[in-house]
Amino acid sequence: MDKARIRIKKFLSLLFPENDSYGLIEVREFKQNLNYPFKKTFKTSNELSLYSPPENCNIYFGIYKRGYKRKKGFLDGSIENCLHTRAIYLDFDDIDLEQIKENIIMNKIPHPTAIIDSGHGYHCYWSLTEK
């Protein structure tokens, strides 16, 4: 397994531990020129770590495990379908990583557990000890 895949698997297991099999992990693929996503679901972080997204899509995923209630045949991100999360995150767009780190220190926020380049900025994740 290459280093990038190992880092992805480690990050996903932070959000979705393997021993937490309740609920689904939802991924949304937004293809260019389409206003609606193609949705995929995965049962575990290991299953998700094997996913290879199409190159012509913007990919989004929820940090909450999804429930099984369906509206109009689809799982959605409504509050009744968001079961639990193992992390919180902040989304920073159009800001330099060094500025983000300075703001975190200046505001006495704990160092993030993970920082991910989102393509338009950065996502800072903090793992939680309880669901």
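User: Why does Asp-94 count as exposed?

Analyst: The model is a predicted one, in which local features need pLDDT of at least 70 and side-chain atom pairs count only at pLDDT 80 or more, while totals for chains, interfaces and linings use all residues. Residues are numbered from 1 along each chain as its sequence is written, and side-chain values use heavy atoms, with hydrogens and water left out. Relative accessible area is computed with a 1.4 Å probe on protein chains only; under 20% is buried, over 50% is exposed, and in between is partly exposed. Asp-94 has 74% relative accessibility and therefore counts as exposed.

User: Where does Asp-94 lie, and what is said of its phi?

Analyst: Asp-94 lies in the loop between β8 and α3 (97-106). Helices (H or I, at least four residues) and strands (E, at least two) are DSSP runs, numbered from the N terminus. Phi of Asp-94 is near 55 degrees, a positive value in a residue other than glycine.

User: Which of Glu-26, Arg-66 and Arg-28 are buried or partly exposed, and why?

Analyst: Glu-26 is buried because its relative accessible area is 2%. Arg-66, with 8%, is therefore buried too. Arg-28 has 23% relative accessibility, so it counts as partly exposed.

User: What makes a set of residues a nonpolar core, and which members of the largest one touch the most others?

Analyst: A nonpolar core consists of buried Ala, Val, Leu, Ile, Met, Phe, Trp, Tyr and Cys residues joined through side-chain atoms within 4.5 Å. The largest such core has 13 residues, of which Phe-11, Leu-15, Phe-42, Leu-48 and Tyr-125 touch the most other members. Two or more residues come from each of α1 and β1 (25-31), and α1 gives the most, with 3 residues. Apart from this core lies another, of 5 residues, including Ile-100, Ile-104, Cys-124 and Trp-126.

User: With which residues is Phe-42 in contact, leaving aside its neighbours within four places in sequence?

Analyst: Contact means heavy atoms within 4.5 Å. With those neighbours left aside, Phe-42 is in contact with Leu-24, Ile-25, Val-27, Glu-47, Leu-48 and Tyr-51.

User: What volume does the largest pocket have, and which residues are closest to its centre?

Analyst: On a 1 Å grid over the protein atoms alone, a pocket is an open set of points where a 1.4 Å probe fits, with protein on both sides within 12 Å along at least five of seven lines; lining residues have an atom within 4 Å of a point. Grid points are joined across faces, edges and corners, and the volume is the space filled by probe spheres set on the points. The largest pocket has a volume of about 1000 Å³. It is lined by 29 residues, and Ile-59, Tyr-60, Phe-61, Ile-116 and Asp-117 are the closest to its centre. Elements that each supply at least two lining residues include α1 (3-15), β3 (57-61) and β9 (114-117).

User: Why is Leu-97 called partly exposed?

Analyst: Leu-97 has a relative accessible area of 22%, and is therefore partly exposed. Leu-97 is placed in helix α3. Leaving aside its neighbours within four places in sequence, Leu-97 is in contact with Ile-115 and Tyr-122.
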